[in-house]
Amino acid sequence: MINGINPLGHSLRWGMVGGGETSQIGYIHRSAAQRDSAFTLLAGAFDVNAERGLAFGTALGVQPERCYPDYESLFAAEAAREDGIQAVSVATPNNTHFAICRAALQAGLHVICEKPLCFTTQEADELERLSAEKNKIIGVTYGYAGYQLIHQAREMIAAGELGDIRIINMQFAHGFHSEAVELKNPSTRWRVDPRFVGPSYVLGDLATHPLFIAETMVPGLQVKRLMCARQSFIESRAPLEDNAYVLMEFRNGAVGSMWASAVNAGAMHSQKIRITGSRASLEWWDEQPNQLRYEVQGEPVRILERGMGYLNARALEEDRISGGHAEGLFEAWSNLYRRFALAIDATDRGDTAFLSDFWYPDVHAGLAGVRWVENCVRSADAGAVWVEC
Ligand code: NAD
């Protein structure tokens with residue numbers, strides 16, 4: 001059980017690029033990083049507009065001289081200080097991730113980056129290589145993967161409770177962009193512009209989340225080949241898709257599907273992962289994240305509840321308030337940031353034994369997502385054909 005004690009016994013000096021006052025995701029980064037006191041926010045280039053960034057940073061309590069106009073001056077000035085930051089989070093639009101992550105690693109910082117990590121496998125390979133060379137981690141904020149019941153599913157699957165894994169159905173299909181909301185909303189505008197998001201919209205923005213959850217539940221899951229069809233129901237979004245279907249075959253013999261959509265009118269997130277084995281199935285839905293459906297063939301459905309003593313001990317390690325009370329996305333992200341802190345600390349101490357059995361969304365997870373999106377686009381643009389992965 002987590003009770004707020006800093007798991008490191010010391011706090012990592014931490015900065016942010018992006019996540020400014022008007023950003024969608026900045027606050028949950030700060031809230032999660034600081035929840036267990038393992039990170040202290042000391043510096044940042046919070047906004048593409050330097051003035052706004054300074055005003056916002058100082059309002060957060062950051063010293064004005066440590067609110068920088070851009071990431072280059074942030075990394076240079078902090079590297080020159082004895083008490084400079086040790087880690088940085090990157091919460092900017094997708095087209096900037098690669099350059100900022102590369103510069104951060106080169107400046108000797110651990111990095112926590114938003115998804116998708118970058119646009120191409122070549123870029124992801126370079127970040128993976130640089131992360132190893134500099135001995136610094138890259139954590140990727142696949143935030144939903146911090147939910148306790150995802151880890152309950154992982155333990156049950158590892159223990160063989162589902163039997164052989166046969167089918168993995170995934171979806172993240174919201175309805176928030178059923179109309180051309182980008183005409184009014186700047187946070188949506190860049191999401192449908194290839195200059196900012198590269199080759200895809202919903203595949204990269206949405207589908208990489210349930211894909212990573214499935215990979216977490218079924219470790220070692222690898223796509224062997226896939227077939228993708230994508231559509232732009234709001235025509236001005238073409239060639240970027242606002243809806244996509246993907247069929248997959250996995251190396252372990254299982255098959256699966258993904259539905260990613262921003263035009264599922266009326267739906268909230270509709271992010272669901274269903275894993276079907278030869279004996280039983282598990283289903284998790286991010287709108288009811290405190291429940292996991294466990295369906296054994298021929299038996300009544302069981303709803304497993306977060307925080308209950310019958311769950312696996314490894315899943316319960318990250319419980320924060322015990323059963324009954326609801327936990328949510330802020331707690332899931334806090335669990336992830338706690339893990340990023342532990343991974344950073346173990347890397348700095350050279351504790352390879354600890355890291356060998358320690359789960360967190362790392363650079364390899366980031367790379368897997370980028371490769372998957374690239375293959376989906378390759379398939380779709382060739383007329384929805386099967387492509388080897
Ligand atoms: P946003 O447009 O709402 O905010 C972007 C922020 O970055 C703004 O504060 C902007 O001023 C700042 N910014 C832009 N360019 C910058 C630069 N070069 N230097 C410094 N600051 C800069 O975007 P958002 O919705 O918060 O998304 C940001 C990232 O987070 C994206 O990569 C997105 O895919 C990701 N995201 C992830 C999740 C998740 O669940 N993990 C959810 C939402 C968004």
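Biologist: Why is Ser 322 called partly exposed?

Modeller: Ser 322 has a relative accessible area of 32%. Buried means under 20%, exposed means over 50%, and partly exposed is in between, with a 1.4 Å probe and protein chains only. The value of 32% falls in between, so Ser 322 is partly exposed. This is a predicted model, in which local features need pLDDT of at least 70, side-chain atom pairs count only at pLDDT 80 or more, and totals for chains, interfaces and linings use all residues. Residues are numbered from 1 along each chain as its sequence is written, and side-chain values use heavy atoms, with hydrogens and water left out.

Biologist: What makes the phi of Ser 322 worth a remark?

Modeller: Phi of Ser 322 is near 65°, which is positive in a residue other than glycine. Ser 322 is in the loop between α10 (313-316) and α11 (329-349). Helices are DSSP runs of H or I with at least four residues, strands are runs of E with at least two, and both are numbered from the N terminus. Ser 37 also has a positive phi, of about 65°, and is not a glycine. Ser 37 sits in the loop between α1 (26-35) and β2 (39-45). At 37% relative accessibility, Ser 37 is partly exposed.

Biologist: How do you know whether Glu 241 is buried or exposed?

Modeller: Its relative accessible area is 0%. That is under the limit for buried, so Glu 241 is buried. Glu 241 lies in the loop between β7 (223-231) and β8 (243-250).

Biologist: Which residues does Glu 241 touch?

Modeller: Contact means heavy atoms within 4.5 Å. Not counting residues up to four places away in sequence, Glu 241 touches residues including Pro 199, Tyr 201 and Gln 231.

Biologist: Why is Arg 191 called buried?

Modeller: Arg 191 has a relative accessible area of 14%. This is under the limit, so Arg 191 is buried. Arg 191 is in the loop between α7 (186-189) and α8 (194-197). Its side chain makes a polar contact with the side chain of Asp 205, at 3.5 Å. Apart from neighbours within four places in sequence, Arg 191 is in contact with Gln 24, Val 197, Tyr 201, Asp 205 and Leu 240.

Biologist: Why is His 209 called buried?

Modeller: His 209 has 9% relative accessibility, so it also falls under the limit. His 209 lies in helix α9. Among the residues it touches, leaving out those up to four places away in sequence, are Lys 115, Thr 141 and Gln 271.

Biologist: Is Glu 388 buried or exposed, and how do you know?

Modeller: Glu 388 has a relative accessible area of 53%, so it is exposed. Glu 388 is in strand β14 (residues 386-388). Not counting residues up to four places away in sequence, Glu 388 touches Lys 224, Arg 225, Asn 375 and Arg 378.

Biologist: Which residues are the closest to the ligand?

Modeller: The closest are Asn 94, Glu 114, Thr 141, Ser 187 and Trp 190, out of 25 residues that surround the ligand. A residue is near a molecule if one of its heavy atoms lies within 4 Å of it. Oxygen atoms of the ligand lie 3.0 Å from a backbone N or O atom of Gln 24 and 3.1 Å from one of Ile 25.

Biologist: What is known about the peptide bond from Ala 238 to Pro 239?

Modeller: That bond is cis, with omega near 10°. Pro 239 is found in the loop between β7 and β8. Another cis peptide bond joins Lys 115 and Pro 116, with omega about -15°. Pro 116 lies in the loop between β4 and α5.

Notes: Polar contact = N/O pair within 3.5 Å; in protein donor to acceptor, adjacent residues only side chain to side chain.
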